[in-house]
Every structure is written in C-alpha cells, then in structure tokens.
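Here is a short walk through the charged pairs of a predicted model. Keep the structure open as you read.

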Amino acid sequence: MATKAALETQLAVVAGFENPKVGLEQYPTPPDLAAHIVHLADLRGDIENRTVLDFGTGTGMLALGAALRSPARVVGVELDPEALQTATANARRVGASAPIHWVRGDATRLPLCLDDDSPVTVLMNPPFGAQRGNEHADRAFLESVADVADVSYSVHNEGSKEFVEAFVADEGGELTDAFRATFDLERQFDFHEADRKELDAEVFRIEW
C-alpha cells in the first residue's frame, strides 16, 4: 500500500473548478484531506475490491483518490456537466488503472442501479447547506447514502456531529469514527471578503 504522502502527491495534479457555482457550494476538496480520507478508508478495508461511489464528486478528487487504491470500480456522481468534464481530464492526469465511471445526475435522486453484490463504500464532500435555499443539503446526501452504502466517509461543517449521530441512529447505522479537519479555501465568489479562509470541518465514518 502506498503511503498517504504519496497519495497526496498523486492527487496534487487534480484541477479544481474553472467556474465554481455558488448554488452547488462548489469548493474543492484539498489533496491532503482527500488523501487522509482515502488512506484511512483503505486501512479499514473499505476500498480494495469494493464499489466506491463519490456523491457530488465535483472535479473528482475523492473518486480519483479511491481509484488509486485498487477498488473494483469507482463511480462519481455530479450534477454539473462542466465539473464532470474537468473530472474526466483529471482522470487522465492521475492515471489510475481502476475503472472509473462519471455519471451526470443529482446524488439526492440517485441515477444509479447497482446490479451486483459487491460491497459499497461512499466517499463524499457534500454541500454543507450553508447557502440560502440550499439548507439541509448534507442531510439529503446522507439519505441517498443510507439507501446504497455499507460504509461511508463524509465531510461536514463543524458542529454537525450531533445531527449526523441522530440521523444515523434513526437509519439503524453506527457512527464509528469522527475527526476534525481544517483546510484553506481560496477566494472563489464575490461575497468572500478575504483571499483565503480557513474552514473547520468534521469527517465521519458510518457503517450502515
């Protein structure tokens, strides 16, 4: 198994959003955070020979990280066609050998039919629901995850643990791991006041 540092280096070539859309809360997942999540999932046996889904894949960061760790296949679901074009180009840059399928669609109305019996892992950095009109977006993503996943790893806004624990308990699942994450975001939208902002987040591993 390659090191986490090696995985981060491989993911450093992944391009971000050319025209990020505020309504979709399109913020890039940093390579170091993606590498940490994928490496942890791989150590737990949640990547190799499994079907890995990335909901709201954006330009493919988490999907491509998983594709470098010997999954059976990877599927990235994204609503924005422009982001999917970038994800396709990123796949060529990364050079992963695992099968990767890019699907245009709404992850909260999952456009997939998983017709095999391989276990399913979901990796995702969903919208936090921070924008007006997009409240509770992360809950809608979790609802889709609960329908298909055996295990999931997801990034949420700081302070989400109580909500996630309650949701998972209602679905009969178990939150097994939780850790904090901090990453820098460059200025992307007009309402951003600073050139860079440090964002506090939380990552959860859930068995469904």
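A salt bridge here is a side-chain nitrogen of Lys or Arg within 4 Å of a carboxyl oxygen of Asp or Glu. Side chains of opposite charge can pair when their charged atoms come close. The model holds seven salt bridges.

Begin with Arg-180 and Glu-158. Arg-180 sits in strand S6 (residues 174–186), while Glu-158 sits in the loop between strand S5 (151–157) and helix H6 (161–170). The bridge therefore ties together parts that are 22 residues apart in sequence. Arg-180 is exposed, at 58% relative accessible area. Glu-158 is partly exposed, at 38%.

Now turn to Asp-42 and Arg-69. Asp-42 belongs to helix H2 (residues 31–43), and Arg-69 to the loop between helix H3 (61–67) and strand S2 (73–78), so the pair links parts that are 27 residues apart in sequence. Both partners are buried: Asp-42 has a relative accessible area of 9%, and Arg-69 has 5%.

Last, look at Arg-205 and Glu-207. Arg-205 is buried, with 5% relative accessible area, whereas Glu-207 is partly exposed, at 33%. Which residues join this pair in a network? Asp-46 does: salt bridges with shared partners connect Asp-46, Arg-205 and Glu-207 into one network.

Conventions: Residues numbered from 1 in each chain as written. Predicted model: local features only at pLDDT ≥ 70, side-chain atom pairs only at ≥ 80, totals over all residues. Heavy atoms only, no water. Helix = DSSP H or I, 4+ residues; strand = E, 2+ residues; numbered from the N terminus. Buried < 20%, exposed > 50% of the residue type's maximum accessible area, 1.4 Å probe, protein only.
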